[in-house]
Amino acid sequence: MKPSMFRSAATALRRTSSAPSNHLIRRCYSWDCNPDRKVTILGAAGGIGQPLSLLMKVNPLVSSLSLYDIAATPGVAADVSHVNTRANVVGYVGEEQLGKALDGSDVVIIPAGVPRKPGMTRDDLFNINAGIVKSLCSAVAKYCPNALVNVISNPVNSTVPIAAEVFKKASTYDKRKLFGVTTLDVVRARTFYAGKANVPMAEVDVPVVGGHAGITILPLFSQATPKANLSDENIEALTKRTQDGGTEVVEAKAGKGSATLSMAYAGAIFADACLKGLNGFPDVVQCSFVQSDITELPFFSSKVRLGKNGVDEVIGLGSLSDYEKQGLKSLMPELKKSIEKGIKFASQ
């Protein structure tokens, strides 16, 4: 689960494959012979969308980058297109161009919607963002029903169930291809843990399970690597900070934004993992909010193994500490309520 989107595809393969020769790796994973992959970003002109567009432009696995928003996308596309990397960039603006933006997409990333402001919770965003996600997913079902769909728009605990219901209604739902992007929780947990444990950042991994809001975010520091002897008080403080990471940024920006840059980074890491899975890279594992049967809830975030059709395997929670067991018990009612809220909205 190491974030490696800026490493070359060849380097990434060398680390995870027992291929017999380096020259074969270079031949099969150079820019010239990677499969053509189209990535579409819906909400590309926004605070998350713009840096995410840049990060996907520099990803060597992307051959076509489609940028869509209700306004300002041509300018974003023109700017990003000047970066000298493989991906061809096209900007689309307005609902009448949405179909062209989506047509032929392998991965669709949805950061569209309004950002959090001071005093707002993710749930406060629901009434606006729920409708946006519902509308965009209807278009995805029509124009690129086989794409992997990465939902960033908050509240993810509700917007992913909305997307699932939209796809079910359109008879295009494939549980393997719908993801709630919770990678920012993992990024934060890694960062905070590395700082407290005084271990090299690049070596750190921390699974984060549950959902993507407040107490539904449960970092499993008992499974963190490298191991560190942290006190119970430190673990509780790290958990609380991970859960409140979004609020920390919103308050620091004093009404002038939310966690846009770190979210774009996390979204790019997860999209990169999806592309690697599609391209047959081995052992691609990330945490994501997906349809799941590892708890009694229909959706849950845990480690998933990614492959050529999306989710190959939903990985169980593993051994939990007593503190984590209590956290899991506490988050379930809140997460259940958010999931049901999304399903109810989609059915209206």
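Trainee: Before that, what kind of model is it, and how are residues numbered?

Mentor: This is a predicted model: local features need pLDDT of at least 70, side-chain atom pairs count only at pLDDT 80 or more, and totals for chains, interfaces and linings use all residues. Residues are numbered from 1 along each chain as its sequence is written, and side-chain values use heavy atoms, with hydrogens and water left out.

Trainee: OK, how many residues are in the largest nonpolar core?

Mentor: The largest nonpolar core has 45 residues. Such a core is a set of buried Ala, Val, Leu, Ile, Met, Phe, Trp, Tyr and Cys residues joined through side-chain atoms within 4.5 Å. Buried means under 20% relative accessible area, exposed over 50%, and partly exposed in between, with a 1.4 Å probe and protein chains only. Leu42 and Phe167 have the most contacts inside this core.

Trainee: Which helix gives the most to this core?

Mentor: Helix 6, with eight residues. Helices (H or I, at least four residues) and strands (E, at least two) are DSSP runs, numbered from the N terminus.

Trainee: And what is Phe167 in contact with?

Mentor: Leaving aside neighbours within four places in sequence, the list is Cys137, Val140, Ala141, Val149, Thr172, Tyr173 and Leu178. Contact means heavy atoms within 4.5 Å.

Trainee: Switching to rings. How many aromatic pairs does the count come to?

Mentor: Four. Rings of Phe, Tyr and Trp (its six-membered ring) pair if their centres lie within 6.5 Å; planes under 30 degrees apart count as stacked, over 60 as edge-to-face and the rest as tilted. One of the pairs is Tyr193 with Phe221, which is stacked, at 5.9 Å centre to centre and 15 degrees between the planes.

Trainee: Where do Tyr193 and Phe221 sit in the chain?

Mentor: Tyr193 is in helix 8, and Phe221 is in the loop between strand 8 and helix 9. They are 28 residues apart. Tyr193 is buried at 2% relative accessible area, and Phe221 is buried at 5%.

Trainee: Which charged residue lies over the face of Phe192?

Mentor: Arg241, at 3.9 Å from the ring centre. The rule asks for NZ of Lys or CZ of Arg within 6 Å of the ring centre and within 35 degrees of the ring normal. Lys341 has its charged end over the ring of Phe126, 4.6 Å from the centre.

Trainee: Now helix 10. Which of its residues are buried?

Mentor: Gly245, Gly246 and Val250. They share a side of helix 10 because they cover an arc of only 135 degrees around the axis. The arc is that of the directions from the helix axis to the C-beta atoms. Helix 8 and helix 9 are among what covers these buried residues.

Trainee: And the face turned away from the buried side?

Mentor: That face carries the exposed residues Glu251 and Ala252. Just after helix 10, Ala254 takes a positive phi of about 50 degrees.
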